[in-house]
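My entries follow in the order I made them.

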Amino acid sequence: MNTQYWEEELETMSREKLHKLQLQRLKKTINIAANAPYYKEVFSKHGITADSIQSLDDIRKVPFTTKSDMRAHYPFGLVAGDMSNDGVRIHSSSGTTGNPTVIVHSQHDLDSWANLVARCLYAVGIRKTDVFQNSSGYGMFTGGLGFQYGAERLGCLTVPAAAGNSKRQIKFINDFKTTALHAIPSYAIRLAEVFQEEGLDPAKTTLKTLVIGAEPHTDEQRRKIERMLGVKAYNSFGMTEMNGPGVAFECQEQNGMHFWEDCYLVEIIDPETGEPMPEGEIGELVLTTLDREMMPLIRYRTRDLTRILPGKCPCGRTHIRIDRIKGRSDDMFIIKGVNIFPMQVEKILVQFPELGSNYLITLETVNNQDEMIVEVELSELSTDNYIELLLSGKKRQNHIFSTNIISYTCFTKK
C-alpha cells in the first residue's frame, strides 16, 4: 500500500479520467442546482439544462454567481436540497458589509468536506499518530469545525483549543505533545512572540508541522514563521462558499496548492472581461462545486487573484496547482499609473527584521498628487536607529514601485 496518498486513485488520476469525472459530476450538479429558486430562474432565462452541458467548456454558458447574488437571495434562495429532511448544518460569513453569505450542508456534504480536509492534512505529512491542535475560532466560521472534522477523519488526536489565549496554547503544545498546529499567519507570528516573552524555545517542543491560511500572506512571511517557530508551514486555501478549508492545499513540495478537481471546477478569468486567461497568467479565480448536494454553487466569482502553475508536481498528484493568492480584484489600487496590491507592500516589509507584523496603508491626495502612506509597527527587538531604518526602507520601496509614490512611518508596539 502506498502511504504517500490519502486516496491514491483520485489524487493520481490521469487528466483524461479526471475530466471525464468532472463532466459527469458537473451535469449532476446542474440537475441539483435547478431546484434552487435562484438557479431555477437563471437556468430558465439562459436555457441551461444538464443536456446542454456536453463538455467542461460549456460551463461558460452559465452566468457567474456573485456574493451580491447570494446576499440578494439571503438566506436560502440558493438552497437546492430539502432542508427540512436533509439539512444538518449552516455556516456563514461574518456579514460585516451586508447580509452574510450562507451555506447549508447535508450529511453528504459534511462527509465530503471532512474527507477533503483529511486529504489535505495527509498531503503535508500529518498522520493518525499526530496530535493536531486547532487555534481557529469555532462557530459560524468554517476554520474551526472544518479542520476539527478533517483531523478526526484522519484519525489524529485533536485539541480544539480555539482562538486566542496564547499562553494556554503554548501550555497545550507542551503538555499534550502537539505535533501539528493550525493557525492564521498573523497569529502564528504572535504565538512565536509569546514563546519569546515566556523565555521558551518553540524548536524544543514536539511541534513540527504548521498549517496556515484564512488570510493573505506572502512566501516571505511563511518563511519568517518557519524560522520563528522551527516548523514547516504549509499554505492552504479555502472559503465559506466552497465549504471552508480543504479546497486547495500544498503538498510537502511546497510549490503551489493542489486544487481538488474531483470536487471543484476551476476557472481563471480576466476580472474585467470575464474571458478565460491562458494557463500561467494571473486572473480571478472562479469556482464550481462538483460534490455538494444541498447548496451547489456554479461559477462563483471569488475575487481572489491567482494563476494555474504549469507543469507537473514531483509528488505525483495530477490535480492542478494554483499559486498563492496574490490579492483580490477589488483590493487593487492605482498610484500614478502603477497597479499595487497590499501584499506587494507586505512582501517588502517582511524583509526588515526591525519591523513588526502590523501595518496600515493610507491613500491621500497631497498638492493634487496621489500618495500612499504606509505606517509600520516596529518590533520590540528593533534598533533605536529609526532614521537609518526609514531611509533604507524608503530606498528599497521606491526602487520596487516608482519614485516618490510611497512614504512610511514607524510606530512602536503598545
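I began with a term: a residue is buried when its relative accessible area is under 20%. I also noted that this is a predicted model.

**Entry: strand β7.** I checked β7, residues 232–239. Of its 8 residues, 6 are buried, so the rest of the structure largely encloses this strand. Next I looked up its pairing with β6, residues 209–212. The two strands run parallel and share 4 bridges.

Entry: I traced an open sheet of 9 strands with mixed pairing. I wrote down the order as β4-β3-β5-β6-β7-β8-β9-β14-β13. Which strands stand at the edges? I found β4 (157–159) and β13 (308–309) there. Each has a single partner strand, so one side of each lacks a neighbour in the sheet. I then followed β13 to β14, residues 321–322. They pair antiparallel over 2 bridges. Isoleucine 308 stands opposite isoleucine 322 in β14. Helix α6 packs on this sheet and touches β3 (131–134), β6 and β8 (244–250). I read an angle of about 30 degrees between the directions of α6 and β8.

**Entry: α6 against α7.** I turned to helix α7, residues 142–154. It packs with α6 at about 75 degrees, and the axes are 7 Å apart. That makes the two helices roughly perpendicular. On the α6 side I listed contact residues including Trp113, Val117 and Leu121. On the α7 side, Phe147, Tyr149 and Leu154 are among them. The contact residues divide into 10 nonpolar, 4 polar and 2 charged.

**Entry: nonpolar cores.** In soluble globular proteins, nonpolar side chains tend to be buried together. I looked for such groups here. The largest nonpolar core holds 66 residues. Ile30, Tyr39, Phe43, Leu121, Ile126, Phe237 and Phe259 touch the most other members. Which helix gives this core its largest share? I found that α6 (residues 107–123) does, with 8 residues. A second, separate core has 18 residues, including Tyr187 and Leu191. I then took a look at phenylalanine 43 by itself. Leaving out residues up to four places away in sequence, Phe43 touches Ile30, Ala33, Ala34, Ile48, Val62 and Ile298.

**Entry: the 4-strand sheet.** I finished with an open antiparallel sheet in the order β10-β11-β12-β15. β10 (264–269) and β15 (327–328) stand at its edges. Strand β12, residues 300–306, joins β15 through 2 bridges. Aspartate 304 stands opposite arginine 328 in β15.

Key. Residues are numbered from 1 along each chain as its sequence is written. This is a predicted model: local features need pLDDT of at least 70, side-chain atom pairs count only at pLDDT 80 or more; totals for chains, interfaces and linings use all residues. Side-chain values use heavy atoms; hydrogens and water are left out. A nonpolar core is a set of buried Ala, Val, Leu, Ile, Met, Phe, Trp, Tyr and Cys residues joined through side-chain atoms within 4.5 Å. Buried means under 20% relative accessible area, exposed over 50%, partly exposed in between (1.4 Å probe, protein chains only). Contact means heavy atoms within 4.5 Å. Two strands pair if DSSP finds at least two bridges between them. Axes are lines fitted to C-alpha atoms, for helices over the stretch in contact, and angles run from 0 to 180 degrees between N-to-C directions. Angles under 35 degrees count as roughly parallel, over 145 as roughly antiparallel, 65 to 115 as roughly perpendicular and the rest as oblique. Ala, Val, Leu, Ile, Met, Phe, Trp, Tyr, Cys and Pro count as nonpolar, Asp, Glu, Lys and Arg as charged, and the others, Gly among them, as polar.
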